[in-house]
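Please read the points alongside the sequence and the coordinates.

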Amino acid sequence: MTDSRPVLTMTGISKSFPGVRALHNVNFRLFPGEVHALMGENGAGKSTLIKVLTGVYDTDEGTITLDGEPVSFSGPMQATAAGVSTVYQEVNLCTNLSVAENIFIGREPRLLGAVRWGEVRRRARALLTRLDLDLDVSAPLGSYSLAIQQMVAIARAIDIQARVLILDEPTSSLDAGEVAQLFRIMRQLRDEGIAILFVTHFLDQVYEIADRITVLRNGGLVGEYLTAELPQLGLVEKMIGKELDVLEGLEEHSRRDLGALEEGTPLVAVSNLGRAGAVAPFSLTIHAGEVVGLAGLLGSGRTEVARLFFGADRADGGQVAIDGTSSSLRTPAQAIDQGVGFCSENRRAEGIVPELSVRENIILAMQAARGWLRPIPRRRQDELVDKYVKALNIRPADPEVPVRNLSGGNQQKVLLARWLITEPRLLILDEPTRGIDIGAKTEIQRLVTQLSDGGMAVLFISAELEEVLRLSHKVAVMRDRQMVAQLANDESLDAERIMQTIASGSHREEADR
Amino acid sequence: MTTGSLTAPRRTRIRLPRRQVPVLATLALLLVMYGIGVSQYTAFSNVQVIFNVFIDNGFLLVVAVGMTFVILTGGIDLSVGSVVAMTAMVSADLLQKGLPAALVLVIALLIGPTLGLLMGCAIHFFDIQPFIVTLAGMFFARGMCTFISGSSIPITDGFWTRMSQERIGNSQGNFVSISVLIAFAVVLVAAYVLAYTRLGRNVYAVGGNPQSALLMGLPLGRTRIAVYTISGLCSAIGGILLSFYTLSGAPLIAVGMELDVIAAVVIGGTVLTGGSGYVFGTVLGVLVLGVIQTLITFDGSLNSWWTKIVIGGLLFAFILLQRLIGIRYK
């Protein structure tokens with residue numbers, strides 16, 4: 001693997017934007033037939049490095065060579081033509097076109113200017129067979145899941161005789177099974193000699209697939225390591241550049257006594273709440289100060305549970321009791337009145353208003369709760385926003401910056417602040433740490449612990465079991481749109497047991513059958 | 001997002017035939033209307049009734065084909081009616097001034113695409129809403145009509161009258177005009193371009209997801225500019241056909257035609273947000289409009305405004321149908 005010559009080298013790369021030094025003297029190399037993970041926190045320079053490589057940005061300094069020849073691409077198309085293809089996090093294909101057309105559009109085989117559709121379909125089938133995918137190539141791409149679409153994007157990328165394949169966070173919206181499928185394809189391509197540059201936030205995935213890791217921090221190169229020689233903890237330390245006391249501290253903090261909390265009337269108790277086609281009826285109680293984790297695979301119904309709690313979807317049946325008295329959560333407005341806050345998983349589409357400033361975004365929910373006819377005085381706004389910008393360490397600490405200019409982690413904090421300001425009694429967090437860097441992740445986790453200490457109930461949804469275990473008092477496990485188990489987070493509970501529950505369903509469920 | 005893996009297989013099962021559902025619905029509607037006509041009025045079954053629908057709506061069909069390109073990219077072209085009128089006016093004016101017919105044809109056929117090209121460039125390079133750019137184009141072209149002449153100009157040119165009066169028919173006396181043949185030619189060329197050329201496929205890709213199209217390396221700007229130019233060309237051809245039909249150029253002809261055209265395209269199953277639709281559907285859409293008019297003419301007692309009322313109802317029904325089918329899945 002390492003005895004061959006690198007297919008791609010980047011040497012002494014520097015790149016500055018007005019006021020920001022995005023990359024400083026970074027070296028990077030990529031060998032044929034390896035999966036090379038590029039790691040770093042948000043803002044470490046990963047994206048900039050990829051954009052410099054694919055010609056989206058010019059370099060200020062430094063050289064790039066492909067097969068030993070210096071190259072400088074004018075844009076992604078030229079890079080692709082030279083054999084350097086990129087697959088982005090968001091699938092950049094057209095869902096209205098067929099699978100085959102998505103693979104070949106722009107370079108269809110033609111005869112006298114006419115597209116040879118038979119040939120397009122034949123080649124698409126051959127290519128997909130090579131990736132061990134069995135798809136109907138004439139079907140519209142939109143009829144397949146995101147994971148399949150992602151793989152079609154890869155098929156498109158490698159068809160152009162790619163020697164270097166860049167995968168920019170391809171796994172962030174895939175579930176475990178889909179990730180496994182993607183990895184199978186990555187391994188196969190690697191074995192065929194393609195060099196794969198893999199960017200991800202998931203450490204486990206790096207250790208599962210990557211042969212080598214390059215770590216960036218603050219636009220500088222930290223180093224290049226063989227995965228086998230760098231323990232996971234060491235990698236995290238290199239990424240954030242400090243010891244992990246913070247995370248350790250959190251670990252001690254958790255696993256508090258559930259018994260004490262469970263006494264007294266639950267803050268929210270729902271029984272047989274459900275919605276046909278979304279989630280089977282379930283019962284769940286949440287006490288003040290309790291963190292209830294919701295674990296399960298993507299698509300297992302976690303978000304649907306959250307939406308029922310917030311009244312975003314209307315339940316078909318079941319009872320809701322708040323503070324022991326019968327109540328209902330039929331609309332978000334009603335839920336907000338009862339003190340429920342909801343940070344959506346889909347922060348771009350459902351949460352953040354990118355054009356509005358940090359201040360306006362934070363004030364939004366509170367203003368809505370007061371009613372639009374009673375504006376919050378500007379001074380009060382500034383006070384509140386200032387407090388939360390400081391408390392959550394939102395950067396940049398300028399409340400008048402449009403939110404779209406913030407990194408993912410900071411956008412998430414703004415969304416959190418929006419709900420915290422309304423002082424909810426139950427806060428629903430749907431994947432609050434997905435796609436954000438480890439520093440911001442730790443801050444958000446610490447905050448959840450603090451809030452629950454302060455008496456706030458939290459419904460915490462996450463695909464990362466470690467995180468759920470670290471924060472929750474009780475873990476509810478979702479599987480196939482059913483809540484299959486509720487497990488107290490005591491000594492006996494670990495990620496493996498949750499995995500088993502997800503995989504097999506609970507004993508209770510088995511008994512029911 | 002969370003539901004992706006779960007809903008995807010379910011979607012697959014029902015979606016595959018759905019792409020053709022709007023076109024099939026239009027076809028069914030057309031057959032039903034024709035059936036009603038035949039059962040109510042004996043003369044309706046005469047083939048010439050169908051031919052007349054084509055003769056009366058040939059220019060509308062050509063313009064609708066151009067509009068199909070624009071709407072497939074997710075755009076809109078409001079200037080078509082005015083460009084049709086302007087083309088007819090320019091032709092009539094130049095012929096009156098004594099220019100040879102061939103030269104007039106060339107000039108008339110250049111004006112529309114040029115205006116379309118300019119509008120396309122404005123839409124692409126300045127990133128302005130197509131609605132507003134083509135609205136400006138619409139006012140400009142309409143203004144040019146009255147600038148040329150405040151009143152109608154008759155056409156007496158030999159070539160024009162021949163094209164107007166030539167009947168291509170069979171021994172039973174059924175016939176079509178040359179305009180109909182030209183319209184068919186335009187339809188065939190357009191269908192070929194959309195299905196088999198890169199330009200055509202790029203039109204669908206741009207309409208499906210412009211951002212993705214750009215990242216896939218497709219020429220987003222060129223495609224956008226091209227569709228407005230094509231629409232301009234089709235409007236110009238439509239204008240010529242209209243002047244064959246009326247043998248005059250009038251400043252206030254084809255007012256509001258752009259809305260009929262959009263209605264025909266949408267009833268023909270092309271989705272307003274772009275990315276889905278066929279030229280064949282547009283032909284059916286135009287036929288639906290034509291048959292409604294014919295039915296109302298046959299009835300004789302109904303006000304011609306009933307055409308508008310029925311089209312309004314149909315348009316609404318078809319938009320609703322598109323929404324229900326959920327052809328726009330993102």
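**Domains and overall make-up**

In this predicted model, chain A is divided into domain 1 (8–242), domain 2 (248–339 + 424–512) and domain 3 (349–423). Taken over C-alpha atoms, the centres of domain 1 of chain A and domain 2 of chain A are separated by 35 Å.

- Chain A holds 20 helices and 22 strands.
- Of the 513 residues in chain A, 47% are buried.
- When the contacts in chain A between residues at least 6 apart in sequence are considered, 69% of them join residues at least 24 apart.

**Helix 14 of chain A**

- Helix 14 of chain A covers residues 358–370, and its 13 residues should span 18 Å at 1.5 Å a residue; the end C-alpha atoms lie 19 Å apart, which agrees with that expectation.
- Following helix 14 of chain A comes Gly371(A), whose phi is positive, near 95°.

**The six-stranded sheet of chain A**

- An open sheet in chain A is formed by six strands in the order 18-19-20-15-21-22, with mixed pairing.
- Its edge strands are strand 18 (340–343) and strand 22 (482–488) of chain A, each of which pairs on one side only.
- From one strand to the next, the twist averages 15°.
- Within this sheet, strand 19 (residues 426–430) of chain A and strand 20 (residues 457–461) of chain A pair in the parallel sense over five bridges, and Asp430(A) has Ile461(A), in strand 20 of chain A, as its bridge partner.
- Helix 17 (residues 438–453) of chain A packs on the sheet, where it touches strand 15 (291–295), strand 19 and strand 20 of chain A; the direction of helix 17 makes about 150° with that of strand 20 of chain A.

Terms used. Residues numbered from 1 in each chain as written. Chains lettered and ligands numbered in written order. Predicted model: local features only at pLDDT ≥ 70, side-chain atom pairs only at ≥ 80, totals over all residues. Domains from an automatic or database assignment. Helix = DSSP H or I, 4+ residues; strand = E, 2+ residues; numbered from the N terminus. Expected span 1.5 Å × (residues − 1). Buried ≥ 20, exposed ≤ 12 C-beta atoms within 10 Å, placed from the backbone. Contact = placed C-beta atoms within 7 Å. Pairing = 2+ DSSP bridges. Axes fitted to C-alpha atoms, helices over the stretch in contact; angles between N-to-C directions.
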